[in-house]
Amino acid sequence: MRKPLNNTQCMLLTLCWAALCFLVLTSSPRIDGPLIVTIILSGALVFIPILKAIKSRNK
């Protein structure tokens, strides 16, 4: 079993994800459906482990 994420790791993951989204959105010639779906799915892959770590820390 792995250790839950600490506050620093949660913040770093969130900032890296936000920076990547900003980079993709500003460099894309147009924002269409597949791009939005990809960003939503990547957000789920990033924020679900973060939320699980916060929930397990509060117990």
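1. A nonpolar core is taken here as a set of buried Ala, Val, Leu, Ile, Met, Phe, Trp, Tyr and Cys residues joined through side-chain atoms within 4.5 Å, where buried means under 20% relative accessible area, exposed over 50% and partly exposed in between (1.4 Å probe, protein chains only). The model is predicted, with local features needing pLDDT of at least 70 and side-chain atom pairs counting only at pLDDT 80 or more, while totals for chains, interfaces and linings use all residues. Residues are numbered from 1 along each chain as its sequence is written, and side-chain values use heavy atoms, with hydrogens and water left out.

2. The largest nonpolar core is made up of 5 residues, namely L5, C10, V46, I50 and A53. Helix α2 (residues 33-58) gives the most to this core, with 3 residues; helices are DSSP runs (H or I, at least four residues), numbered from the N terminus.

3. Leaving aside residues up to four places away in sequence, C10 touches L5, I50 and R57, a contact being heavy atoms within 4.5 Å.

4. A search of the whole structure finds 1 salt bridge, defined as a side-chain nitrogen of Lys or Arg within 4 Å of a carboxyl oxygen of Asp or Glu. D32 forms a salt bridge with R30, and their closest N and O atoms are 3.9 Å apart. D32 is partly exposed at a relative accessible area of 28%, whereas R30 counts as exposed at 61%.

5. V24 lies in helix α1 (residues 7-27) and counts as partly exposed, at 34% relative accessibility. Between V24 and A44 there are 17 Å in space, C-alpha to C-alpha, for a separation of 20 residues in sequence.

Definitions and conventions: Helices (H or I, at least four residues) and strands (E, at least two) are DSSP runs, numbered from the N terminus.
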